[in-house]
Amino acid sequence: MKKILAIILSLMLVIGLAACGAKTDNGDTTAAPDNSESKPADATGIDYSEMKIGLICLHDENSTYDNNFIIAMNEVKEELGLSDDQVLIKTNIGEDDSCLTTAEELVDEGCNIIFADSFGHETYIMQAAQDNPDVQFCHATGTHAHTANIPNFHNAFASIYEGRFLAGVAAGMKVKEMIDSGKITTDQAKIGYVGAFPYAEVKSGYTSFFLGVRYIVPEATMEVTFTNSWFDIALEREAALKLINDGCVLISQHADSEGAPKACEEKAIPNVAYNINTASIGPNTALVSSRINWAPYYKLAIEATAQGKSFDADWTGTIATGSVELLEVNEKVAAEGTDAKLAEVKAALEAGTLKVYDTKTFTLDGKTLDTYLADVDDDGTFTGETEAISDGYFHESEYRSAPYFDIEIDGITTLRPYSFYSRISFLLKRGHNVLCFKQK
Amino acid sequence: MNEKEKKTREPLFHIAKRPAIEWWKAWLIRGGAIIASLIVCAFIIVILTKQNPLEVYAAMVKGSFGTPRKFWAMLQNLAILLCISLAVTPAFKMKFWNLGAEGQVLFGGLCSMVLMFTVGDKIPNWMLIASMLAASVLGGILWGLFPAVLKAKWGTNESLFTLMMNYIAIQLVAFAIMVWVPSGSSVMGLVNSTTKAGWLPDLFGQKYLINILIVAVLTVVMFIYLKYSKHGYEISVVGESENTARYIGINVKKVIVRTMILSGALCGLAGFLLVSGTNHTISKELAGGNGFTAIMVSWLAKFNPLIMVLTSFLIAFLQKGAGEIATNFKLNTSIADILTGIIIFFIIGCEFFINYQIKSTKSKEGK
């Protein structure tokens with residue numbers, strides 16, 4: 001009996017290995033011809049058949065931020081008629097050597113243009129760009145391309161502060177409704193914000209959102225807390241609950257999980273999201289969401305690469321390019337007249353008559369600013385060198401695509417990052433398995 | 001007599017400890033377990049993703065062996081995981097539950113980074129690298145020594161202690177990055193990318209080769225140390241029974257402290273290899289969970305450093321394959337994690353059948 005079993009097992013082993021081996025060969029040979037089957041050209045007459053596009057994401061579809069990149073990439077793939085194997089998406093790539101390895105692997109696969117989505121990917125992508133001069137590398141949110149002088153390395157971002165300002169206006173309308181209906185007093189008009197890391201991209205975001213709220217409710221204040229992570233469902237939820245506990249009547253976030261919107265839905269607190277429509281998570285509380293639409297930039301970069309043309313080292317998308325969007329207002333949650341107000345403010349922003357960072361609308365230590373040196377050239381010194389305030393407003397995303405507004409203006413209180421102790425107590429409270437390792 | 005036996009109800013089969021099993025039978029069982037796991041995985045793949053399982057397996061193989069670059073990257077992951085596994089092995093063999101490898105690696109890496117960041121352009125590169133190595137090893141030792149000394153002196157719980165030390169190391173790294181990167185982004189990026197100061201050099205054009213060679217030598221040395229040296233013997237005696245160790249005159253406290261110094265030193269070395277030889281940066285994710293995965297690698301190999309090469313290969317291979325599946329089939333990496341879990345479950349589970357056998361009651365009587 002045992003012998004028969006042994007024979008069967010070893011036979012299975014052999015067959016299994018043979019099957020695996022054969023399949024590997026097949027996989028290798030089919031990869032190449034598929035490439036040429038794709039459509040040769042689209043309506044504009046550009047030939048995309050030789051194009052292969054790589055996208056490196058810090059997290060996967062569960063992160064609203066990364067998902068936003070992936071959705072736009074799939075849209076562009078459809079639009080340009082690219083086949084499945086012309087677009088390679090690598091998810092869960094850390095901000096370390098694995099980013100460089102992944103970029104190089106994508107080059108090996110034949111990619112002519114590679115996008116990376118996370119701030120910490122930048123130096124690795126720069127390295128890959130220097131090592132592979134024939135491949136275009138595009139990095140979102142990065143700060144180095146405008147000074148790095150690497151011809152095939154590009155940065156891109158969008159003037160999302162305008163989108164957040166608009167979202168802030170919608171939030172302001174909601175807060176105003178609460179005040180008008182007597183639900184809260186103007187003193188209680190405090191909103192909360194869950195941020196990831198306390199640096200310019202996040203600061204610029206919450207400040208523009210806050211200024212949007214203040215555009216409607218000038219007495220509003222804001223409390224900001226940081227999770228020190230881009231994606232942590234539990235921490236973001238906890239942070240939102242803490243803000244609600246502190247009396248915030250409306251929450252927004254710049255961290256990439258569904259933690260905060262879900263907490264808001266539970267506590268019936270209106271929520272303003274970023275990058276995705278959260279109406280499915282919070283049908284009764286999701287108010288509106290601002291989003292960077294990456295499709296215009298993808299198309300611009302892919303088109304240029306397909307034609308062998310050079311394109312901007314540093315590119316800022318705007319409302320006009322279709323890069324900054326405000327996703328549908330949830331009528332169930334929004335205050336009356338929100339749509340009309342948004343249309344009015346949006347028109348003013350586009351016409352240039354309204355500036356988000358108008359120096360008349362904010363103060364630093366009680367004083368109006370007429371000069372501010374921003375750290376636009378990321379040279380490693382972390383000191384400001386570019387005068388960003390002129391003509392009565394702070395020129396955000398004009399000298400560089402990535403945000404550099406990092407002024408901690410009056411009216412916003414920030415809670416410092418989670419400390420070691422709160423993290424431990426947080427884990428213990430949740431019955432985390434830190435203590436479950438049993439000793440005999 | 002027959003009637004009597006029928007009255008006492010016996011289960012249909014029972015479990016009995018096997019006598020020592022021939023090596024080829026053991027490996028046949030292991031091979032069978034892997035095939036069984038692949039068959040189960042195939043069903044999961046078909047049910048959940050509607051993909052052809054053979055294509056999925058082929059993609060997994062491609063993830064590690066598809067191109068020379070992928071192969072090197074897999075070897076690099078293997079080397080780091082193996083290094084940390086070798087580090088925790090002596091402690092685990094001694095039944096000292098060192099759950100702090102993550103923190104020891106991280107703190108070792110931090111020590112390297114302090115030098116790389118602050119004096120990177122001030123001293124010659126060889127001196128920098130040598131001092132980084134020394135600093136990392138010392139850092140790892142320090143992080144491992146605290147819990148060891150307290151355990152030896154006052155019998156504190158080392159699993160809790162080493163675990164807590166992880167959090168301290170994580171916060172220290174977060175703090176250091178906050179100081180070094182005042183913009184608040186918590187991103188160091190490549191350090192010294194122009195001067196390459198403190199970077200381990202390429203060997204024969206391969207940037208990971210030094211890492212791999214160091215760990216290869218270490219594996220052999222650790223095997224000899226555990227199997228043939230007096231220290232190695234003392235470790236296994238303390239692990240089996242502290243009282244026996246005391247009875248035959250082994251200084252248990254000394255062995256605990258000495259072994260944790262070794263364990264911490266190797267974790268520190270792994271931190272050095274990660275900072276100087278691989279990432280050239282530091283972040284809270286430097287160890288990337290390998291400090292915990294290493295425990296599994298070490299146990300799976302029954303603390304045999306040579307077998308650990310195989311078990312860490314298995315993990316590195318599955319991890320690389322996971323990424324490949326996710327990209328090729330537009331799947332979430334979670335499906336790859338599920339498959340990895342199933343495969344490891346079968347491999348661990350089959351050890352039961354190597355150590356025990358299931359005998360049907362009837363056949364026993366027949367004998």
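The crossing of α6(B) and α7(B) is right-handed. In this predicted model, helix α6(B) spans residues 125-154, and α7(B) covers residues 158-180. The two helices pack with their axes 10 Å apart, at an angle of about 150 degrees. Angles over 145 degrees count as roughly antiparallel, and α6(B) and α7(B) are therefore roughly antiparallel to each other. On the α6(B) side, the contact involves W143(B), F146(B), P147(B), L150(B) and K151(B). These residues meet E158(B), F161(B), T162(B), M165(B) and A169(B) of α7(B). By class, the residues of this contact comprise seven nonpolar, one polar and two charged.

The crossing of α2(B) past α3(B) is right-handed. From α2(B), the residues L38(B), C41(B), A42(B), I45(B) and V46(B) take part, and they meet P53(B), V56(B) and Y57(B) of α3(B). The contact of α2(B) with α3(B) consists of eight nonpolar residues, with no polar and no charged ones.

In chain A, helix α2(A) (residues 64-80) packs with helix α10(A) (residues 295-306) at an angle of about 50 degrees, and their axes are 9 Å apart. The helices α2(A) and α10(A) are therefore oblique to each other. Here α2(A) passes α10(A) in a right-handed crossing. Helix α2(A) contributes A72(A), M73(A), E75(A), V76(A) and L80(A) to the contact, while α10(A) contributes A295(A), Y298(A), K299(A) and I302(A). Seven of the residues in the contact of α2(A) with α10(A) are nonpolar, none are polar and two are charged.

The domain assignment of chain B gives two domains: domain 1 takes in residues 19-51 and 331-356, and domain 2 takes in residues 75-330. The C-alpha centres of these two domains of chain B lie 28 Å apart. Twelve residues from domain 1 of chain B and nine residues from domain 2 of chain B make up the contact. Helix α14 of chain B (residues 333-355) provides eight residues, the largest share of the side of domain 1 of chain B that touches domain 2 of chain B. That side of domain 1 of chain B divides into six nonpolar residues, five polar and one charged.

Between the chains, 45 residues of chain A are in contact with 44 residues of chain B. On the chain B side, at least two residues each are supplied by α2 (23-49), α3 (53-65), α4 (68-93), α7 (158-180), α11 (252-279) and α13 (305-328). Helix α3(B) gives the most to the side of chain B that touches chain A, namely seven residues. By class, the side of chain B that touches chain A has 19 nonpolar, 20 polar and five charged residues. Among the helices on this side are α2(B), α3(B) and α7(B); of these, α2(B) and α3(B) meet each other in the contact described above, and α7(B) meets α6(B).

Confidence was considered for the model as a whole and for each chain. The model scores ipTM 0.83 and pTM 0.82. Chain B averages a pLDDT of 85, and 95% of the residues score at least 70. For chain A, the average pLDDT is 81, with 84% of the residues scoring at least 70. Over residues 13-42 of chain A, pLDDT stays under 50, and the model has 39 contacts beyond four places in sequence for this stretch. Where pLDDT is low, the predicted coordinates should not be read in detail.

Terms used
Residues are numbered from 1 along each chain as its sequence is written. Chains are lettered from A and ligands numbered from 1 in the order in which they are written. This is a predicted model: local features need pLDDT of at least 70, side-chain atom pairs count only at pLDDT 80 or more; totals for chains, interfaces and linings use all residues. Two residues are in contact if their C-beta atoms, placed from the backbone, lie within 7 Å. Helices (H or I, at least four residues) and strands (E, at least two) are DSSP runs, numbered from the N terminus. Ala, Val, Leu, Ile, Met, Phe, Trp, Tyr, Cys and Pro count as nonpolar, Asp, Glu, Lys and Arg as charged, and the others, Gly among them, as polar. A crossing is left-handed if the near helix is turned anticlockwise from the far one by less than a right angle, and right-handed if clockwise. pLDDT is the predictor's confidence in each residue, from 0 to 100. Domain bounds come from an automatic or database domain assignment. Axes are lines fitted to C-alpha atoms, for helices over the stretch in contact, and angles run from 0 to 180 degrees between N-to-C directions. Angles under 35 degrees count as roughly parallel, over 145 as roughly antiparallel, 65 to 115 as roughly perpendicular and the rest as oblique.
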